[in-house]
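Keep the viewer open as you read.

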Amino acid sequence: MELNLIKSIGMLKHHVSTEEVAQILSFLIENDSLLLFSFYERNLHLIESEIQEFINERRLFTNSEWVLPWEETIPHWDQPNHTPPNIIWFSVKTKDEIIKAIDIDSLFRCVVVKESNDFSKYSNVIFQQEYYATFDEENFEHYIGFTNKVEFLNATWSELKNRFHVNLVE
């Protein structure tokens, strides 16, 4: 793994399993915080009923707030009004639930928010990205990104170093 703390975000380059990604995400959650995964409401009818139930049973609310540290792209906006799409935010608590949420969307977006806080006071946005490592379309590099580098360094860095081999890249 390589940890790169670029200007506004941190990026953790990895080649680990879904279970290990879930472990990394669990390091980012404090005892009094929730991990909320997102799912586009308009896509709910496209997935199996078992997955719909999993999301709906854990759904806390729906909004259209874009949280990623870059602008939403036009193809994702709802037509005809070009408005941000409705996003379901659902809570996962156990490692198995985190794994299931990642299996639903391996390029996930989630936030960490204190249980007593409003959604708008989330403390960290976490997302997974993949980029072509070479021109071979089957060769991807995976990254877990996060927006709160201070929280990561204070709460997660030591645990991550103890469990995984991580190089800090500046």
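Is lysine 100 buried, exposed or partly exposed? Lysine 100 is partly exposed, with a relative accessible area of 24%. Keep in mind that this is a predicted model.

The side chain of lysine 100 forms a salt bridge with glutamate 50 (3.0 Å, N to O). Because lysine 100 lies in helix H3 and glutamate 50 in helix H2, the pair ties together parts that are 50 residues apart in sequence. The count for the model comes to 7 salt bridges; the table shows some of them, including this pair.

| Salt bridge | N to O distance |
|---|---|
| Lysine 100 – glutamate 50 | 3.0 Å |
| Arginine 58 – glutamate 57 | 3.5 Å |
| Arginine 58 – glutamate 97 | 3.2 Å |

Shared partners join Glu57, Arg58 and Glu97 into one network. Arginine 58 counts as buried at 19% relative accessibility, and glutamate 97 counts as buried at 18%, whereas glutamate 57 is exposed at 60%.

The largest nonpolar core has 35 residues, and Leu25, Leu35, Phe37, Ile55, Phe90, Ile126 and Leu160 touch the most other members. Elements giving two or more residues to this core include helix H1 (18–27), strand E3 (33–40) and helix H4 (149–163). Leaving aside neighbours within four places in sequence, leucine 25 is in contact with Leu35, Phe37, Ile98, Ile102, Phe108 and Ile126. Apart from this core lies another, of 15 residues, among them Leu34, Leu68, Val111 and Val113.

Terms used: Residues are numbered from 1 along each chain as its sequence is written. This is a predicted model: local features need pLDDT of at least 70, side-chain atom pairs count only at pLDDT 80 or more; totals for chains, interfaces and linings use all residues. Side-chain values use heavy atoms; hydrogens and water are left out. A nonpolar core is a set of buried Ala, Val, Leu, Ile, Met, Phe, Trp, Tyr and Cys residues joined through side-chain atoms within 4.5 Å. Buried means under 20% relative accessible area, exposed over 50%, partly exposed in between (1.4 Å probe, protein chains only). Helices (H or I, at least four residues) and strands (E, at least two) are DSSP runs, numbered from the N terminus. Contact means heavy atoms within 4.5 Å. A salt bridge is a side-chain nitrogen of Lys or Arg within 4 Å of a carboxyl oxygen of Asp or Glu.
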